[in-house]
Amino acid sequence: MSVLELRGIVKAFGANVVLRGVDLAVDEHRVVALIGGSGSGKSTLLRCASLLETVDDGQVLLDGEDVTDPRADADRVRRRMGVVFQAYNLFPHLSVLDNVTLAPTVVHGRSRSEAAEEARALLDRIGLGDKAAEYPDRLSGGQQQRVAIVRALAVRPRVLLLDEVTSALDPELVGEVLALVREVAAQGMTIVMATHEMGFARQVADTVAFLDGGVLLESGPPAQVLGEPQHPRTRQFLRRVIDAGRL
Ligand SMILES: Nc1ncnc2c1ncn2[C@@H]1O[C@H](COP(=O)(O)OP(=O)(O)O)[C@@H](O)[C@H]1O
Ligand SMILES: [Mg+2]
């Protein structure tokens, strides 16, 4: 059984149909890289998957449970997913430590001392133990994103959804965030990440899925989708990416 399964996801904003029946199954310990041009629907798909948007049609299954069913407890489901966006993930008025412990304590009811101990261990692991008492604006963008990823992991999610977590960063800060994603993946976390980092997708993803105009045109192992794309639209997209120096 897949950890996360999207079945026939349809989503429109007014007359703008953004997702046109997207199917995607993500097995445990797998990394799926979602690629596609700007406006192709990557963020909307991740937002639908994490129930931040309601779907117009289709289902989201988490561990086989239809969480788009109106009777499902959306809050409970969201607690089983970790979501990190492009930027502005951290609460600016909370220290780094409090950012990481907030959900485990308030939402999951874990004790403050246990959550803090675990948060400190996570921060130490990413080399930011000494920043625990700082406020986010004292951290670089790359440090903030790494804290955001650690914060998402602190609730021990079933799946981590990453939406272009490096695209708002200065180029020299991208590597440290990707290194953390790579490490999290190596530890077995199930991950879906929208990304423009094709080199990273090729190295780390088990599956690359190409979204075009709200349709999942092609998906498969990186070597296949990036190396021998079947669809002309995929080839066109990858050519543009190569021209932009991202492959
Ligand atoms: N909250 C929203 N309200 C209206 N339109 C939206 C909203 N979010 C996304 N869209 C539209 O959905 C389309 C896909 O956007 P998005 O999912 O952000 O694509 P991507 O992440 O691939 O760049 C775009 O046309 C965008 O304008
Ligand atoms: Mg996006």
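The legends below describe close-up views of a predicted model.

**View 1. The largest pocket and the elements that line it.**
In this predicted model, the largest pocket holds about 560 Å³ of space. Its lining is made up of 21 residues, and those closest to the pocket centre are R78, M81, V83, A103 and R151. Two or more lining residues come from each of α2 (74–78), β6 (81–84), α3 (96–107) and α5 (141–153). By class, the lining of this largest pocket comprises twelve nonpolar, five polar and four charged residues. R151, which is among the residues closest to the centre of the pocket, also lies over the face of F91, at 5.0 Å from the ring centre.

**View 2. The second largest pocket.**
Sorted by class, the residues lining the second largest pocket are five nonpolar, two polar and three charged.

**View 3. The aromatic pair F210 and F237.**
A pair of aromatic rings is described by the distance of the centres and the angle of the planes. The count of such pairs in this model comes to one. The ring centres of F210 and F237 are 5.2 Å apart and the ring planes meet at 35°, so the pair is classed as tilted. The two residues belong to distant parts of the chain, with F210 in strand β9 (residues 207–212) and F237 in helix α9 (residues 232–243), 27 residues apart. F210 is buried, with a relative accessible area of 1%, and F237 is likewise buried, with a relative accessible area of 5%.

**View 4. The open sheet of four antiparallel strands.**
Four strands, in the order β2-β1-β4-β5, form an open sheet in which the pairing is antiparallel. The edges of this sheet are β2 (16–26) and β5 (65–66), each of which pairs on one side only. Strand β4 (residues 57–62) is joined to β5 by two bridges, and these two strands run antiparallel; L61 stands opposite D66 of β5. Strand β1 contains I9, which counts as buried because its relative accessibility is 0%, below the 20% cut-off. The C-alpha atom of I9 is separated by 23 Å from that of P222, a residue 213 places away along the chain.

Rolling a probe the size of a water molecule over the atoms shows where empty space is left. The model contains three cavities of 30 Å³ or more, and the largest cavity holds about 40 Å³ of space. This largest cavity is lined by L4, L6, L24, V26, L34, L45, L46, A49, L161 and V192, a set that divides into ten nonpolar, no polar and no charged residues. At least two residues of the lining come from each of β1 (4–13), β2 and α1 (42–49), and α1 gives the most, with three. Helix α1 is itself largely enclosed by the rest of the structure, because six of its eight residues are buried; the buried residues of α1 are K42, T44, L45, L46, C48 and A49. After α1 comes L51, which has a positive phi, near 65°.

Strand β7 (residues 159–163) is mostly covered, with five of its five residues buried. In a regular strand the side chains alternate between the two faces of the sheet. In β7, V159, L161 and D163 point one way, whereas L160 and L162 point the other way, and all of them are buried. Four bridges join β7 to β6, and these strands run parallel, with G82 standing opposite L160 of β7. Strand β8 (residues 191–194) also pairs with β7 in the parallel sense, over four bridges, and V192 of β8 is the bridge partner of L161.

How values were computed:
Residues numbered from 1 in each chain as written. Chains lettered and ligands numbered in written order. Predicted model: local features only at pLDDT ≥ 70, side-chain atom pairs only at ≥ 80, totals over all residues. Heavy atoms only, no water. 1 Å grid on protein atoms, 1.4 Å probe; cavity = no way out; pocket = protein on both sides within 12 Å on 5 of 7 lines; lining within 4 Å. Points joined across faces, edges and corners; volume = space filled by probe spheres on them. Nonpolar A, V, L, I, M, F, W, Y, C, P; charged D, E, K, R; others polar. Phe/Tyr/Trp six-rings, centres within 6.5 Å; stacked < 30°, edge-to-face > 60°. Buried < 20%, exposed > 50% of the residue type's maximum accessible area, 1.4 Å probe, protein only. Lys NZ or Arg CZ within 6 Å of the ring centre and 35° of its normal. Pairing = 2+ DSSP bridges.
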